[in-house]
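Open your viewer and keep the selection tool handy. We will walk through this structure one stop at a time.

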Amino acid sequence: MDNPDAKPSQTTWKIWSRFLTANKQGTVPVDPIPVRKLDKAALNALDPAANHIVRLGHSSHLLKLRGKYWLIDPVFSERASPVQWFGPRRFHPPPLPLTELPPVEGLILSHDHYDHLDTATIKYLLGKVQRYFVPLGVGRRLQDMGVAPDRIEEFDWWQKGKFGEVELTAAPSQHFSGRTLSDRNSTLWASWVIQSGSERIYYSGDSGYFPGFKQIGERLGGFDIALMENGAYDDYWPSVHMSPEETVQAFKDLRGKVLYLVHNSTFDLAFHTWRDPLDRVAALIEKEQIALATPQIGEVLTLGQPRTNVLWWKALR
């Protein structure tokens, strides 16, 4: 979706030069990130008639949708990188190991970047996932990792599908793709609408702020919860990630009921402090009277159930 108002990013050379030479401060937590440990027994005890969201870290989530398990952008590796000896390293372990994952009904990917599509995780899950739902072109990535073609469904923007009792719609986002220096934008990126029963979940994937959020709200809005990108923004790349203020505006455009913040507190991917995304949105929310969800890593949020939101990071350095 074209956005004539999209601000240009700096060149790749300038961005990488800054990453290699900048003196970062506060981008990695000093204190341990709190993690609520989970296992199969805890997951199986969750009400099979309800819809649950489990925060695994960064943008990775495990959903239990009326008894069936789904994954969103699962990254269990130590580093968000093509190699495990270099690149952004996790601030915390996953709340449950891959060995404790129950059989997965569906796996949803937003795009092919390493902090969303993790080769080691995909290979571990071979034979354990019934169906993969991905934007156009990402199916080839999965096949190269060993996923059988007949388990993959590729979606263009606004395309709908259904698997079991879950309905899916791929929606636009404003981002880019690529896993090497020579394959930029060779695959599509997307946000997703997930409907289970009467409840509807929106997941932004990665995106800069753009008019598409308002269009999604008009065409598909009425979301019970919106998992919105909040982190890795910078003036060097203003159109591919949202500032906290833009995250709040995008949520309002989407007509959601609960704002759930993702894409923070796991990897150091930019130059802002690790707390900045959460602090700035929390301050805005006080003025906007918006329901906010900032679950701890491993915390379970059950749709439609009352909860008290805790600003868990406030006492951490």
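Begin by selecting aspartate 144 and arginine 140, whose side chains meet in a salt bridge with N to O at 3.9 Å. A salt bridge here is a side-chain nitrogen of Lys or Arg within 4 Å of a carboxyl oxygen of Asp or Glu. Both residues lie in helix 4 (residues 138-144), 4 residues apart, which is about one turn of the helix. Helices (H or I, at least four residues) and strands (E, at least two) are DSSP runs, numbered from the N terminus. Aspartate 144 is exposed, with a relative accessible area of 58%. For this tour, buried means under 20% relative accessible area, exposed means over 50%, and partly exposed is in between (1.4 Å probe, protein chains only).

A word on what you are looking at: this is a predicted model, in which local features need pLDDT of at least 70, side-chain atom pairs count only at pLDDT 80 or more, and totals for chains, interfaces and linings use all residues. Residues are numbered from 1 along each chain as its sequence is written, and side-chain values use heavy atoms, with hydrogens and water left out.

How many salt bridges does the structure hold? There are 17 salt bridges. Select glutamate 153 and arginine 131 to see another of them, with N to O at 2.6 Å. Glutamate 153 sits in strand 6 (residues 152-155) and arginine 131 in strand 5 (residues 129-135), so this pair ties together parts that are 22 residues apart in sequence. Glutamate 153 is partly exposed at 24% relative accessible area, and arginine 131 is partly exposed at 22%.

Next, pick lysine 314 and aspartate 279, a salt bridge whose closest N and O atoms are 3.0 Å apart. This pair links distant parts of the chain: lysine 314 is in the segment after strand 14 (300-302) and aspartate 279 is in helix 7, 35 residues apart. Lysine 314 counts as partly exposed, at 41% relative accessibility.

Now select Arg36, Glu299 and Arg307 together: they are linked in a network of salt bridges.

**Into the core**

Hide the surface and select Tyr202, Phe213, Met228 and Leu259. These have the most contacts inside the largest nonpolar core, which has 30 residues. Helix 5 (212-220), strand 11 (225-229), helix 6 (244-254), strand 12 (258-262) and helix 7 (276-288) each supply at least two residues of this core. A nonpolar core is a set of buried Ala, Val, Leu, Ile, Met, Phe, Trp, Tyr and Cys residues joined through side-chain atoms within 4.5 Å. Another core, of 27 residues, lies apart from that one, and Leu168, Leu188, Tyr203 and Ile225 are among its members.

Which residues does phenylalanine 213 touch? Leaving aside neighbours within four places in sequence, phenylalanine 213 is in contact with Tyr202, Ser207, Gly208, Met228, Met242, Ala250, Asp253 and Leu254. Contact means heavy atoms within 4.5 Å.

**Along helix 6**

Color helix 6 and pick out its buried residues: Pro244, Thr247, Val248, Ala250, Phe251, Asp253 and Leu254. Their cover includes strand 10 (199-203), helix 5, strand 11, strand 12 and helix 7. Step just past helix 6 to arginine 255, which takes a positive phi of about 65°.

**Two loop stops**

Is alanine 232 buried or exposed? Alanine 232 is buried, with a relative accessible area of 8%. You will find alanine 232 in the loop between strand 11 and helix 6, where it has a positive phi of about 75° although it is not a glycine.

Asparagine 185 is in the loop between strand 8 and strand 9 (191-196). Its phi is near 60°, a positive value in a residue other than glycine. Asparagine 185 is partly exposed, at 41% relative accessible area.

**A threonine in strand 8**

Select threonine 169 in strand 8 (residues 166-171). Threonine 169 counts as buried, at 8% relative accessibility. Not counting residues up to four places away in sequence, threonine 169 touches Trp158, Gln159, Lys160, Ser191, Trp192, Val193 and Leu220.

**Last stop: who lines the cavity?**

Finish by selecting Asn264, Ser265, Phe267, Leu269 and His272, which lie nearest the centre of the largest cavity among its 17 lining residues. A cavity is a set of points, on a 1 Å grid over the protein atoms alone, where a 1.4 Å probe fits but cannot get out; lining residues have an atom within 4 Å of a point.

Technical notes
1 Å grid on protein atoms, 1.4 Å probe; cavity = no way out; pocket = protein on both sides within 12 Å on 5 of 7 lines; lining within 4 Å.
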